[in-house]
Amino acid sequence: MRKTIYSILVILTLLCSCDDKPHQTEITYYQSDEMASLGLPFSDAVRVDNMLYLSGVVGMIPGKMELVEGGLEAESRQIMENIQKVLQANGSSLENAIKFTIFIDDINRWSDFNKVYVEYFPNKKPARSALGVEGLALGAAVEVECIAVIPD
């Protein structure tokens, strides 16, 4: 019995000591030229190892502190285009998106957002949450956060 316990302890010790180098987390902050020119105090995205965390995105015209015209559906389409651009700039894509969080000023218009959203995800659908909120930046109707994987 003691030999068995000793053998297990030796094996566990060897397994635990095989990789004695601690993992160094790589963190990179990305701010597009358009966002930098606006002087906003946040990054478009932050990369942590192979994960990409996007800041909330409203339907802004790139490089301007102004929403696209046309209401919720137009804003939703601009949001998805803006997200796609940030993902691509960081080596990812909508195909690698794993989680979206949608903040909408009128949760009764959730289906209007979905009309646009499904155009970008005809097959694989990322995990998602949606919340009704009040007071989005620039008076936006909708804001979206995204988490994605950056493939090897």
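1. Start with N82. This residue lies in helix α3. The model is a predicted one. N82 has a relative accessibility of 14%, so it counts as buried, the limit being under 20%. Leaving aside residues up to four places away in sequence, N82 touches V57, V58, M60 and P62.

2. Next, the sheet. Six strands build an open sheet, and their order is β1-β2-β3-β6-β4-β5. The pairing is mixed. The edges are held by β1 (27-30) and β5 (127-132). Each of these has a single partner strand, so one side of each is left without a neighbour in the sheet. From one strand to the next, the twist averages 15 degrees.

3. β2 (residues 45-48) and β3 (residues 51-54) run antiparallel and are joined by four bridges. The loop between β2 and β3 holds D49. D49 is not a glycine, yet its phi is positive, at about 55 degrees. Its relative accessibility is 26%, so D49 counts as partly exposed.

4. L138 sits in the loop between β5 and β6. Its phi is positive too, at about 60 degrees, and L138 is not a glycine. With 39% relative accessibility, L138 counts as partly exposed.

5. Now the helices on the sheet. Helix α3 (residues 71-89) lies across β1, β2, β3, β4 (97-104) and β6 (142-149). It runs at about 25 degrees to β6. Helix α4 (residues 110-120) also packs on the sheet, where it touches β4, β5 and β6. The direction of α4 makes about 145 degrees with that of β5.

6. How do α3 and α4 pack, by angle and axis distance? The angle is about 30 degrees, and the axes are 8 Å apart. The crossing of α3 past α4 is right-handed. From α3, the contact uses L72, E73, S76, R77, M80, E81 and Q84. From α4, it uses D112, F113, K115, V116, Y117, E119 and Y120. Sorted by class, this contact has six nonpolar, two polar and six charged residues.

7. Aromatic pairs come next. With ring centres within 6.5 Å as the rule, the count is four pairs. In one of them, F100 and F121 have ring centres 5.4 Å apart and planes at 70 degrees, so the pair is edge-to-face. F100 belongs to strand β4, and F121 to the loop between α4 and β5. The pair therefore ties together parts that are 21 residues apart in sequence. Both F100 and F121 are buried.

8. F121 has another ring partner, Y117. Their centres are 4.9 Å apart and their planes stand at 40 degrees, so this pair is tilted. Is Y117 buried or exposed? Y117 is buried, with a relative accessible area of 4%. F121 has 3% relative accessibility and so counts as buried.

9. A last point on the rings. Which residues do the ring pairs link into a cluster? They are F100, F113, Y117 and F121.

Technical notes
Residues are numbered from 1 along each chain as its sequence is written. This is a predicted model: local features need pLDDT of at least 70, side-chain atom pairs count only at pLDDT 80 or more; totals for chains, interfaces and linings use all residues. Side-chain values use heavy atoms; hydrogens and water are left out. Two strands pair if DSSP finds at least two bridges between them. Helices (H or I, at least four residues) and strands (E, at least two) are DSSP runs, numbered from the N terminus. Axes are lines fitted to C-alpha atoms, for helices over the stretch in contact, and angles run from 0 to 180 degrees between N-to-C directions. Contact means heavy atoms within 4.5 Å. A crossing is left-handed if the near helix is turned anticlockwise from the far one by less than a right angle, and right-handed if clockwise. Ala, Val, Leu, Ile, Met, Phe, Trp, Tyr, Cys and Pro count as nonpolar, Asp, Glu, Lys and Arg as charged, and the others, Gly among them, as polar. Rings of Phe, Tyr and Trp (its six-membered ring) pair if their centres lie within 6.5 Å; planes under 30 degrees apart count as stacked, over 60 as edge-to-face and the rest as tilted. Buried means under 20% relative accessible area, exposed over 50%, partly exposed in between (1.4 Å probe, protein chains only).
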